[in-house]
Amino acid sequence: MTATTLLWPIVFPAAAAIILFLIPSRIKVVREVLAVLSSLVVLYLGFSLFSQKNLSLVTDWLGMGINFDLRLYHFSSFILLALSGFLFLICLYSAVKMKDHPRVREYYGYVFLAAAFSNGAVLANNFILLVFFWEALLITTYALITLGLKPTSHRTAVKSLIIGGFCDFSMILGIGLLWASTGTLTMDKIHVEPHGLAAAAFILMMIGAIGKAGAMPFHTWIPDAALDAPVSFMAFMPASFEKLLGIYLLARITLDFFELKVGSTLAIILMIIGAATIVLAVFMALIQKDFKKLLSFHAVSQVGYMILGIGTAIPIGIAGGIFHMINHAMYKCGLFLSAGSVEHRTGTTELKKLGGLSREMPWTALGFTVCALAISGVWPLNGFVSKEMVFHGALETGYPIFAIAAWVGAIFTFASFLKAGHSVFFGARSTDVPKTKESEAPIVLPILILAALCITFGVYNKLPLQTFIQPILEGHVEAGEHLDFTAHALSLFNPVAAVSILCLIIALGIHLYGWNRSGKKAYLASEPIHQLPGLRKLYDLSEARFFDLYEQGVKLLQWLSKVLFRFIDRPIDYLYEKVVTAVGRTFTGILQKAHNGQYANYLAWTIGGLVVVIWIILQLLK
Amino acid sequence: MKVEVITLLTIFIPILGSLLVPLAGAISPKLRSFWSVLLGGITACLPLTLIPQALKGGEIIWSKSLALGLDFILVIDPLSIFMSIVSSFIGFLIIIYSLGYIHHEDNQNEYYLMVILFIGSMMGLVFSASLVFMYLFWEIIAIACWRLIGFYRQKDYILKADKAFLLTFGGAVVMLLGFIVIYEQTGTFNLVAMRGVAISGTAVLLILFGMFSKSATVPLHTWLPDAGVAPTTVTALLHAAVLVKIGVYAYARLFLYTFKIPDVWQQAIIIMAVLSSLIAAGAATVENDFKRILAYSTVSQIGYIFLGLSVATPTAISGSLLFILMHGLAKAGLFLCAGIVLHATHKRDIREMGGLIKTMPVTAISFLICAFSVIGLPPLGGFFSKLLVIMGTVQANQVWVAALALFTAVLTMFYLMRVFAMVFLGELKIAAPEKTPSMVGVVAILAVLSVLAGLFVSYPMKLVQMATTHISWWLK
Amino acid sequence: MSNLWFLYLFFSALLIFIGIYCLLTMRNLIKLFIAVEIISKGVSLAIVATGAVKNSVLLAQSLAITYIVVEVSLVATALALIINIYKKNKSLDVRLLSKLKG
Amino acid sequence: MVFSFIVIPLLVAAFLPIIGKFSKKLVPDVLTNAALAFLLFNSILLVKPIFNQGTIVQNVNWFGEKVNLQVALDGFNLFMLFTISLVSLCISLFSIDYLEHYGHKANFYALLLVMIAGMNGLVLVPDLFSIYLFLEVAAVASYALVAFGLGYDELEASFKYLMLSVVASAFALLGITILFGMTGSLSFQAVAQGLQDLNARYVVGVCVAFFIMGFGLKAALVPFHAWLPDAHPSAPAPISAMLSGLLIKVSGVYALFRIIYSVIGMTPVLSQVLMALGTISMVVAALLALGQKDVKRMLAYSSISQVGYIVLGLALGTPLGIAGGLFHLFNHAVAKGLLFLNSGSIQHITGTRNLDELGGLGKRVPITAGTNLVGALSIAGVPPLAGFWSKLIIVIALIQAKQFGYALVAILASILTLWYYLLIQRKAFFGKISEKWLHIKEAPFWMSAANVILALICIFVGIFFTPVFKTWISPAAEALAKGIQQVLMWGI
Amino acid sequence: MVIQILLLCGLIIFSGLAILFKDLLKAALSLAVASLFLGIIFFRLNAPYAGVFEISVVAGLITVLFILTIALTKKEGEVEEAKLAKVVFPLFFILFLIIDGLVMKSLLQKVPSLPSGPEAGTFGEVLWKQRTFDLVAQIGVIFAGVLAVLALFRKKEDDKDE
C-alpha cells in the first residue's frame with residue numbers, strides 16, 4: 001500500500017457523492033444499492049487502513065508551510081474505521097427510510113460528501129487542511145438539515161451554520177495563534193505549553209472542537225434539528241460523526257498540541273464545561289415530550305462526559321472520555337435510528353401519542369432498550385464502563401464536585417430514558433396511532449448491530465480499550481503508569497460503581513414517583529420535576545429560548561448592526577448628501593445675494609479691492 | 001510576441017476598440033454585440049499568455065519618455081499580470097451576461113463603449129508604473145462608471161451617479177496631491193525607480209483618500225450602495241470584479257511594492273480596514289434592498305483585503321491577492337444572481353420576494369454557492385483567501401484585529417443567509433421564471449468557478465505566490 | 001521740478017475722486033457717463049502734466065491726443081448704449097439695470 | 001508677416017460693412033473665415049523660427065522711412081497669437097450658422113475682426129501705452145458685441161461692463177503714466193531698465209496695484225469680476241466664447257503678466273498677492289457657479305474660477321508654474337470656447353438656457369452632448385483630457401514651491417468645478433428626456449463642426465500633450481521666465 | 001503758476017458742478033467748460049496740439065453728443081437722485097482733498113525719477129515715427145466706435161427674431 005492510498009477515503013466518497021447526485025430522481029433502486037455498496041467500499045477502506053498503521057502523504061499545496069499533508073496513525077485510523085462503520089449503517093438504514101424523500105438525490109450526495117470531508121479532517125496532518133475539511137462539514141450539515149423540508153428547517157440549518165461558523169472561526173484564530181507562535185502548521189510537530197497566547201490558542205481551538213461535538217453553549221441547534229431535520233441525519237451527524245470528530249480533535253488538542261496539566265486552569269475550564277453540559281442538558285432532556293428532541297438533548301448531555309473525561313487530563317479519564325465517545329456514537333446512533341423506525345411506522349415521535357409499541361415492533365424495542373440502558377450506564381453495557389472511567393478520572397483530580405455533577409447527570413439520564421421507553425414501547429397501547437408492524441430489515445438491522453456492539457463493547461471492554469484506546473495514550477503517560485484500565489473498569493465492587501448503581505436506583509424511584517403522580521401517564525413522569533417552583537420558571541425561559549446563546553447572539557448582532565448602520569453609516573452618508581451640499585449652498589446663497597446687479601455695488605467692490613490690494617502691497621513691502 | 005507588445009495590445013485594443021462600438025452599433029446591433037464580445041474576449045485572452053512570464057518572476061519595464069518627466073511606464077510583473085487576468089476575465093463574463101440583460105434597453109452603444117473602455121483602462125491602470133498614468137487611467141474608469149451608473153437616466157439615479165463620480169473624483173484628486181507630494185520628494189513619478197523610498201505620513205493620508213474612495217472603504221464608501229441604481233451588470237463589474245479592487249491594487253502597488261510607509265499609518269490602516277469591514281457588515285444586516293446589501297457586503301469584504309495588505313505578512317498579502325480573485329468571482333456571481341432576480345421580479349426589496357428557488361433553481365443554487373464563498377466556507381475559494389488573511393493578521397500580532405475580522409465573518413454569514421432565505425425560500429410571492437440562457441449560464445459558470453477555484457486553489461495560488469514574493473521584496 | 005508733477009497729480013486725483021464719487025452715488029445714466037468723462041480728464045491731465053514735467057511733452061501730447069480719440073469712441077458707444085437702454089426702459093435710472101444678478 | 005495679424009483683420013473689417021450691402025451672408029462668411037484661417041496658418045508657420053531662434057525682430061518700412069513698428073516676437077506672443085487664431089477661427093465657423101438669428105452678419109464680423117485685431121495688437125506690442133490702446137480697441141468692439149442682440153439683458157450687461165472697465169482702464173493708464181513719469185519712456189525694455197536704476201518700490205507697488213485692478217478687472221479676478229457674469233452670458237454665444245475664451249485672457253491675464261514679467265519683475269510680494277487673488281477667484285466663483293440656473297451664467301462664473309487657476313500658476317513665478325498657467329490658459333480658452341459655443345447650440349436647439357427647463361437632451365443631440373461633456377471634463381481636470389495636464393502641472397509647481405495650502409485649495413476647487421459641470425450634465429443632457437424636447441434636432445452643420453473641432457483639440461492635446469507642450473508651451477514659458485532673472489527684484 | 005492753479009481750480013469746480021447740477025443740460029455744459037479749462041492748461045503746458053484737441057473734440061464734439069443724447073432722452077429722462085449724495089459731497093470732497101494733499105506732500109522728494117534730456121524732433125515726428133502703433137490702434141478704435149454705433153443703431157427690420 002502506498003501513501004496515495006490515503007487519498008482514497010477522501011476521493012472515493014466524494015466521487016460517490018457526485019455519481020449519486022447525478023443519478024436522476026426517477027431511478028429508484030439503483031441509487032440505494034449503489035449507496036450501500038459504496039459505503040461498504042468505504043468500510044473496506046477503513047478496515048484496510050486500520051491495518052496499515054503509520055502512512056503519510058505530503059505534497060505541496062499553497063506554499064508557506066501549508067501542505068497537503070495526510071497522516072494515518074493509530075488514532076486517526078481508529079476514528080476513520082468508526083466513521084466508515086457508521087456511514088455504512090446509515091446508508092443501510094436510509095435505503096428504506098429515505099427512499100421516498102423528494103430530494104433523495106441530494107441526500108446521498110451530502111451524506112457521502114460529509115463522509116469525505118470527515119475522513120479528510122481525520123487524516124489531515126496540516127492545520128489548514130484540517131480546517132478546510134472541518135469547516136466544509138458545515139455546508140453538508142446545513143444542506144442535510146434543509147432536507148427536513150419543514151418550514152423551519154432552513155432557519156435551523158442557518159442556526160447550525162452560524163454556530164458552527166462561530167466555533168470554526170474561533171478555531172481558525174486559535175490555529176493562527178499557534179502558527180504564529182510555533183511557526184509550523186504540521187500537526188504532529190506541534191507540542192506547546194499553554195501559556196499566554198498559547199493558552200488563548202488552546203481555548204479557541206477547544207471551542208472549535210467542542211462546538212463540533214455539540215457541547216454547551218454551542219448545542220442549541222441540535223434540539224431544533226431533531227424536529228426539523230431527517231432523523232437519519234440526526235443519527236448521522238450530531239449523534240455519531242460530529243461527536244467522533246469533535247472529541248477526536250479535543251483529544252488531540254489536549255494530548256498532542258498542548259501540554260494539559262492536571263488541575264490546571266485550562267483543565268478546569270474544560271471540566272466545568274463538561275459538567276455543566278452534562279447537568280443542564282440532561283435537565284432539558286428530562287422534560288421533553290418529543291422522542292427525537294429528548295434524544296437530541298441527550299446527545300448534548302453525553303458530550304459532557306467526554307469533555308469531562310478529557311478535561312481531567314488523567315489517563316483513565318481521557319481514556320474514559322474517548323471510550324465514551326465511541327460508545328456514545330453507537331448507542332445514540334442506535335437510539336436515533338430506533339426513533340426513526342418508530343417515526344417510519346407511526347408517523348409521529350410525540351411521546352403523548354405513542355405507547356406500547358413493543359409488541360408490534362419488538363426488534364426496534366429491543367434495540368432501543370439495549371441502547372437506552374447503555375446510555376444510562378447500566379452494568380455491563382459499554383456506557384457503564386466508559387462512565388465509570390470518567391468518574392474515576394474526575395475523582396482523581398481532587399475536585400469531587402465534577403464527579404457529583406456527572407452522577408447527577410446519570411440519575412436523570414436514566415430517569416428520562418425510563419420515561420421515554422415507558423411511554424413509547426411499553427405501557428398501554430396508545431390509541432392515537434393505528435395498528436402497525438415492525439419496520440423493514442434495513443432499518444432494524446443497523447439498530448440491532450449497534451445494540452450488539454453496545455453489549456460487546458461492554459462485556460468485552462478489553463477489546464476496544466486495548467485495541468483502540470491504549471495506543472492513543474501511549475507516550476502521553478509517564479513511565480510506569482499503568483494503562484490497563486480494564487482492571488477496575490467493569491468491576492461492580494468498588495465505591496464508585498456503588499454510587500453509580502445508587503444513582504440508577506434513585507432514577508428508577510424518581511420515574512416511578514412521577515409516573516404515579518401523573519396518573520400513570522408515562523410521558524408525564526417528569527412533570528413533578530418540571531413543575532418544581534424554581535425550575536418551572538427556568539424551564540419556561542429556556543423553552544422561550546432565553547438561554548439560547550444563538551438567539552441572544554442574533555439579537556445582539558441585530559442590535560449591533562442597527563447601531564453601526566444608524567450611528568456610523570448613515571451619518572457618514574448624511575455628511576456627503578446633506579451637510580456638504582448644505583454648506584455649499586449656504587455659501588453660494590450668500591455670494592449670490594451679494595451679486596445684486598447694482599452697478600454702484602460692483603464699482604464699490606472694484607474700488608475697495610483696489611484699496612485693499614494697495615494696502616496689502618504696501619504692508620508687504622514694509 | 002514580446003511581452004511588452006502583448007501588454008500594450010492588452011491596454012490599447014479595448015480602449016481604442018471601444019471607440020468603434022458606436023460605429024458598429026450604427027450598422028447593426030448584432031455587429032455591436034459581436035464586436036463587444038470579441039474585444040472582451042481578446043482582452044481576457046491576452047493576459048493569459050503572460051502567465052509564463054509571471055511564473056518566471058521578475059519584472060519587465062517598458063517606458064516611453066514624455067514631457068516634464070511624466071513618462072509612460074509599464075511594469076509587467078506577477079502582480080500586474082494577476083490583476084489583469086482577474087479583471088479582464090470577469091469583465092468578459094459580464095459582457096456576455098450583458099447580451100441578455102441589456103438587450104432591450106436604450107443607449108446600448110454607450111453601454112458597451114463604457115464597459116469596454118472601463119476594462120481597457122483597468123488594464124492600463126494595472127500595468128502602469130507611473131503615478132500620473134495610474135491616476136489617468138483611474139479617472140477614465142471613474143468617467144466610465146459615472147456614465148454606467150446613470151445608465152437608466154432616471155433623475156435620482158443620475159444624482160447617485162454624480163455622487164459616485166464626485167466622491168471618487170474628490171478622493172482621487174486628493175490622492176493626486178499625495179502623488180505630487182511624493183514627486184516633490186523624489187523628483188520622479190516612476191514607481192520602479194522609487195522602490196523602497198520612505199514617504200511621509202501626509203502623503204500616505206492623501207493617497208489613502210483616493211484608495212478608500214475608489215475601494216469604497218468607510219468613511220468614503222456610501223457612494224457604492226447608492227451606485228446600485230446602475231444596471232446589475234455594471235454593479236457586478238463595479239463592485240465585485242474590478243472597480244473596488246482598484247484601490248486595493250493601488251495599495252499593493254504603492255504601499256507594499258514601492259514605498260515604505262510610517263508604522264503609525266500602517267497600524268491606522270489596519271484598524272480602519274477592520275472597522276470598515278465591521279460597519280459595512282452591520283449596514284448590510286439592516287438593509288432591505290437586494291443590491292444595497294450586496295454592495296455593503298462588498299465594502300465589508302474589501303475591508304478584509306485592505307486588512308491583509310496592511311498587515312503585510314506574506315501570508316496575509318497572498319491571502320489578499322487571492323481574495324481579489326475569489327471575491328471577484330463570488331461577488332460577481334451574487335450580483336448577477338441579483339440581476340436575474342430583479343430583472344424577473346422588478347422588485348428590489350427583499351421583503352417583497354420569496355420562494356424563488358422554486359422558479360429559478362439554478363440561480364438560487366448559484367447564489368448559495370457564491371454566498372458560501374463570500375462567507376469563506378470550504379471547499380469554496382473564498383475560504384482560502386479569508387483564512388490566509390486572518391492567519392497573516394495573527395502572524396503580525398494583531399490578534400484582536402483578527403478576532404474582530406472573524407466576528408465580521410460571522411455577521412457576513414448571518415446577513416447573506418438572511419438574504420438567501422428571504423429571497424429564495426419561504427412562500428412564493430412573485431412567480432418569475434429564469435431568463436435567458438446567457439444570463440443563467442454566466443451565473444452558473446461563476447458558481448462553478450468558485451467551487452473549482454477552491455478545489456484547485458493551488459494553481460491560482462502559484463501565481464499569487466509569485467506576486468507576493470515579488471511585491472514583498474523588502475522581506476528578503 | 002517733480003514738485004510740480006505732484007501738484008498736477010494732486011488735481012488729477014481730485015478729478016478722479018469726483019468721478020468715482022459720482023459713479024458711486026448718482027443714478028442717472030448720463031450723469032454717470034459724465035463722471036466717466038471727468039475721470040478721463042483727470043487721466044489726460046496726468047499724462048500731459050507728466051510729459052511737461054519730464055521734458056517729453058511731445059510724446060505726452062501724442063498720447064493725450066490718442067487718448068482723446070479713444071474717449072470719443074467710448075463716448076459714442078456708451079451714449080448709443082444709453083439711448084438703446086432708454087428705448088427699452090423708458091428711464092435712465094441705473095438702479096433699474098439690475099435684472100441680471102445672482 | 002507678423003503685422004498681418006493686425007492689418008488683415010482691420011482691412012477685412014473695413015471692407016465688410018460695404019460688402020455687406022451687396023452680399024448679406026456668403027461673402028462675409030467666407031471672407032472672415034478665410035482671413036482667420038490665414039492667421040492661424042500664419043501663426044503655425046511662425047513656430048519653427050521661434051523654436052529655433054527664440055525671438056524674431058521684424059521692421060516695416062513705411063514710405064521708405066523707418067518707423068517704430070518694430071515687433072519682437074517671442075514664444076509667449078506666438079503662443080497667444082496661436083491661441084487667439086485657433087479659437088477665433090472656430091468661433092467664426094460657429095457664427096456662420098448661429099448668426100442667422102441676429103442678421104447684420106457683416107457688421108458682426110467686422111466688429112469681431114476688430115476685436116481680434118485689437119487682441120493681436122495687444123499681444124504684439126512691446127509698449128505700455130500701446131497695450132492700453134489695443135486693449136481699448138478690443139474692449140470697445142466687445143461692448144458693442146455684447147450688446148449686439150439689443151435685448152434688455154444685453155444692453156444692461158454691456159453698460160455695466162463698459163462703465164466698470166472704463167474706470168479700471170483709467171486706473172491702469174494712470175499706473176502707466178506714473179511709470180512713464182519716473183522713467184521717461186514707455187517701451188518695456190526701457191521702463192524695465194529704468195526701474196532697475198531707480199529705487200522706488202512703494203510707488204511701483206502702487207502702480208502694480210493699479211495694474212492688478214485695471215487688468216484684473218479685464219481678467220475678472222474676484223473682487224473685480226462683477227461685470228463678467230452679466231456680460232458673458234448676455235452676449236451672443238460666439239461672443240461669449242470669444243470673451244471668455246480669449247478676451248479676458250489676452251487683455252487681462254496676458255497684459256498683466258506681460259507687464260509684471262517683462263517690466264516690473266515678479267517678486268515674492270507680488271506673487272503672494274496675485275496667488276491670493278487667484279485662489280479667492282477660484283473658490284468664490286466656483287461656489288457661485290454652483291447656484292446658477294442659466295447655463296451660460298454658470299460657464300461665466302466658471303471662467304472666473306479657471307482664470308483663478310491660471311493666475312495662480314503664473315503668479316507662482318517658477319518656470320513650471322508659468323508653464324502650467326499658460327497651458328491652462330490655452331486649455332481653458334479651447335474648452336471654455338467650446339462650452340460657450342455649445343451653450344449657443346443648446347439655445348439654438350431648444351430656445352432656452354435655463355437648466356431647470358432642459359433635460360435629457362443627450363439622446364436627441366449626441367454631438368452637442370458629447371462635446372459638452374468633453375469640454376466640461378477638460379475644464380474640471382479629468383484625465384485624459386487637456387485640462388488635466390495643465391492643472392497637474394500647476395499643482396506640481398505649487399507643491400514644488402512648498403505652497404501646500406494653495407495646492408490643496410486648487411485640488412478642492414477642482415472638485416467643486418466638477419460638481420457644477422455635473423450639474424449641467426445632469427440637468428441638460430444626462431437623464432430622461434422630457435416630453436418637451438422629444439422632437440428637437442441636432443444643431444446645424446457649422447455649429448456642430450466648430451464644437452467637434454474644439455472637442456477634438458481638447459482630447460488630442462490631452463493625449464498628445466508632450467508635443468503640444470514642447471512646441472507651444474515651453475517656449476512661451478521660457479520667454480516669460482526670463483522675466484524672473486532679467487528684471488531687478490524690487491523691494492525684496 | 002498762480003494762473004495755472006486758478007485754472008486747475010476752475011477745472012475742479014466745473015467738474016464738481018457737472019455732477020452736482022440736477023439739470024443734465026447744465027451738467028453737460030459744465031463739463032464742456034471744464035474741458036475748456038483743461039485745454040487751456042494743456043496749452044500752457046506746452047502742449048498746444050493736445051489743447052486744441054481737448055477743446056475742439058472734448059468740449060465740442062463730445063458735448064454735442066451729450067446734448068444730443070439728453071435731447072433724445074428728455075421725455076422721461078428725469079431720475080430722482082439721492083438727496084444725501086449731493087449734501088455729503090462737500091464733506092467727502094474735503095476729506096479726500098486733505099488725504100490727497102497729505103499723500104502728495106509725503107511723496108514730495110521721495111519719488112525718484114530718471115533725469116531726462118530735452119526732447120528731439122517735432123510733434124509730427126514723434127506721433128508718426130515713434131508712436132506708429134498708436135496710430136494703427138487709433139484706426140482700430142475708430143473702426144470699433146463706428147461699427148459699434150452702427151451695430152447699436154442698426155435698423156430693426158433686418159432682425160429676424162427681434
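Two exercises follow on a predicted model, covering confidence and chain contacts.

Residues count from 1 along each chain as its sequence is written, with chains lettered from A and ligands numbered from 1 in the order in which they are written. Local features need pLDDT of at least 70, side-chain atom pairs count only at pLDDT 80 or more, and totals for chains, interfaces and linings use all residues.

**Exercise 1.** Find where confidence is lowest and highest in chain E.

Step 1. Go by element. Helices are DSSP runs of H or I, at least four residues, numbered from the N terminus. Helix α5 (residues 123-130) of chain E is lowest, at a mean of 80. Helix α2 (residues 24-44) of chain E is highest, at 92.

Step 2. The ipTM is 0.91 and the pTM 0.90.

**Exercise 2.** Describe the contact between chains E and C.

Step 1. Count residues. Chain E brings 69 and chain C 61.

Step 2. Find the main contributor. On the chain E side, α3(E) gives the most, with 13 residues.

Step 3. Sort that side by class. It has 48 nonpolar, 14 polar and seven charged residues. Ala, Val, Leu, Ile, Met, Phe, Trp, Tyr, Cys and Pro count as nonpolar, Asp, Glu, Lys and Arg as charged, and the others, Gly among them, as polar.

Key:
pLDDT is the predictor's confidence in each residue, from 0 to 100. Helices (H or I, at least four residues) and strands (E, at least two) are DSSP runs, numbered from the N terminus. Two residues are in contact if their C-beta atoms, placed from the backbone, lie within 7 Å.
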